[in-house]
Amino acid sequence: MLDQLKCLIEYQKIEDKRNQLMRSNEEGLRRTAELEKEFEYFEEQFLSKKEESDSAQEAHRTIERELEELRARLGRQKTRLGDVKTNKEYQASLKEIEETKKEVSKNEDSALELLDKIELLGKELAELEKDLAEKRSVLEEQKSVLQQESGALQTRLDRLENIRQQVRERVNPDLLKKTDFLFTKQAGIAVSSVENGVCNVCHMNIPPQKFIELQRDEDLMQCPHCHRFLYWPGHEGYCINVEDIDSI
Ligand SMILES: [Zn+2]
């Protein structure tokens, strides 16, 4: 059995586990971002309804101020009516009063319409606010679960990193360089088993002579097609049971 090859197989198992944990972590982050986005969408709906309600209230305040002025004007116009000297002036004043009354009535109608709108918006807003509060609490709860999961994953990754460093130290530097290069270039897989003369990762045939050499277990060998380091699981020594990795 080649000790270096055994190290590489272990190294590969660690990388597999590491990738699996990192994917889970990324999935958690993606889920958190998704939940936040969903919440933001509801929050925007609430805020836009709130803005609508605020501007209806502002419009109502403006119309109430205008009504106050109009009523004051009407009062002045009525007072002046008692002072007029001629019939012509009297008729003109009556006309003015009539016009002001019309304006008052128009504004009163608008104010009532606005009040109805404000009441309706208020109900919708209260409903949305309740929904939003519920959604916020659900979001916080889910985020806290995801954070806990992420923390636990990080702890597992840290433990794995320790084992990873130990294995890396056991691999000779040139071989380590080649292996790390393969991890980067070959989708995180640098080591492959060979079964029935076929590389288990690229699924290409290993030339029969090479397969015989591999079974002799005399030297490190790379797949002629994907260049990954090869081992034959027929050698019991390479069927390593890495409980410390599996238990992480
Ligand atoms: Zn291959």
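The model is predicted. The protein has five helices and three strands. Its radius of gyration is 40 Å, whereas a compact globule of 248 residues would have one near 18 Å.

**Overall shape**

- The C-alpha atoms fill a box of roughly 130 × 30 × 30 Å along the principal axes.
- Starting at the N terminus, the order of elements is α-α-α-β-β-α-β-α.
- Buried residues account for 12% of the 248 residues.
- Take the contacts with a separation of 6 or more: 73% of them join residues 24 or more positions apart.

**Helix α1**

- The buried residues of α1 include L5, C7, L8, I9, E10, Y11, Q12, I14 and E15.
- A56 and I63 are also among the buried residues of this helix.
- E10 and E15 are on that buried list too, and both count as charged.
- The packing partners of the buried α1 residues are α2 (87–170), α3 (173–185), β1 (191–195), β3 (229–231) and α5 (243–246).

**Nonpolar core**

- In soluble globular proteins, nonpolar side chains tend to be buried together.
- The largest nonpolar core here has 21 residues.
- L8, Y11, V191, F229 and L230 have the most contacts inside this core.
- At least two core residues come from each of α1, α2, β1 and β3.
- Helix α1 gives the most to the core, with six residues.
- Domain 1 (14–170) and domain 2 (173–246) each provide at least three residues of this core.
- Y11 is in contact with V167, V171 and T179, leaving aside neighbours within four places in sequence.

**Domains and their contact**

- The protein divides into domain 1 (14–170) and domain 2 (173–246).
- The C-alpha centres of the two domains lie 61 Å apart.
- Six residues from domain 1 and five residues from domain 2 take part in the contact.
- On the domain 1 side, α1 and α2 each supply at least two residues.
- The largest share of that side comes from α1, with four residues.
- By class, the domain 1 side has two nonpolar, one polar and three charged residues.

**L81**

- L81 lies in helix α1.
- L81 has 14 C-beta neighbours inside 10 Å, so this residue counts as partly exposed.
- The cut-offs explain this class, because a buried residue needs 20 or more such neighbours and an exposed one has 12 or fewer.
- Not counting residues up to four places away in sequence, L81 touches S93 and I97.
- K49 is 32 residues from L81 in sequence.
- In space, the C-alpha atoms of L81 and K49 are 47 Å apart.

Conventions:
Residues are numbered from 1 along each chain as its sequence is written. This is a predicted model: local features need pLDDT of at least 70, side-chain atom pairs count only at pLDDT 80 or more; totals for chains, interfaces and linings use all residues. Two residues are in contact if their C-beta atoms, placed from the backbone, lie within 7 Å. A nonpolar core is a set of buried Ala, Val, Leu, Ile, Met, Phe, Trp, Tyr and Cys residues joined through C-beta atoms within 7 Å. Domain bounds come from an automatic or database domain assignment. The radius of gyration is taken over C-alpha atoms; the globule rule is 2.2 Å times the number of residues to the power 0.38.
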